[in-house]
Amino acid sequence: LRWNSSAGSSTYRFQLATDSLFVSLVVNDSTLFDTSRSVSGLASNTLYFWRVNAKNSSGVSSWSSVRRFSTIDIISPTVSITSPVNGSTLSNSLSVSANASDNIALLGVQFRVDGSILGSEDSTAPYSVIWNTLGASNGSHLLTAVARDAAGNATTSASISVTVSNSIASSDLWVYQEALLPTWISTSWGGTYAFNSTEQSV
């Protein structure tokens, strides 16, 4: 933070606070010879107020006008998958769930399977999505959840490894074959007729 020099001054006092009355001081430094002061370790997403006065052998000046600034939110959300557990064997449809939180406000959680989006982002706790594993290949898959906040911070959970194992009985497989015979048109009757479809099991 920088300010203009004051003619005849020997040192400056710099104050930084979280309130405009400077009751809750964060920095109170009266040893400054330069017209700037670096600050660090500030809380994210916080409004700060600062001011300066000058000192010489004749005394101390009045305070400068109060300036303010806000820090951005740099804290990422936390997220972890709670169900299913790592190493599970899955079939059919099931709920994938996660716990997530943020220091300010969480916008939502997006679930992923092998890096691909699974369903819509869930913006309301408890965070979950239905996964129909019949649409996935049998074998190993990785589940993750991505939580994001309004400041654009995002966190991807640790991945959960699961195995999809769906069995389909051969008696449940049917092939439906549409009759490909051409339609029969009778010019004398003025009608159009089509053969019925045939159904065949394999």
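Which residues do ring pairs link into a cluster? They are W3, Y12, F14 and W50. Rings of Phe, Tyr and Trp (its six-membered ring) pair if their centres lie within 6.5 Å; planes under 30 degrees apart count as stacked, over 60 as edge-to-face and the rest as tilted.

This is a predicted model: local features need pLDDT of at least 70, side-chain atom pairs need pLDDT 80 or more, and totals for chains, interfaces and linings use all residues. Residues are numbered from 1 along each chain as its sequence is written, and side-chain values use heavy atoms, without hydrogens or water.

By the ring rule there are five aromatic pairs.

| Pair | Centre to centre | Angle between planes | Class |
|---|---|---|---|
| W3 and Y12 | 5.9 Å | 65° | edge-to-face |
| W3 and F14 | 6.0 Å | 15° | stacked |

The W3 and F14 pair links distant parts of the chain. W3 lies in the segment before β1 (11–17), F14 in strand β1, 11 residues apart. Strands are DSSP runs of E, at least two residues; helices are runs of H or I, at least four. W3 and Y12 are both buried, and F14 is buried too. Buried means under 20% relative accessible area, exposed over 50%, partly exposed in between (1.4 Å probe, protein chains only).

The protein chain has zero helices and 18 strands. Of its 202 residues, 31% count as buried.

R51 meets two rings. Its charged end sits over the ring of F22, 4.1 Å from the centre. R51 also lies over the face of W63, at 4.1 Å from the ring centre. The rule asks for NZ of Lys or CZ of Arg within 6 Å of the ring centre and within 35 degrees of the ring normal.
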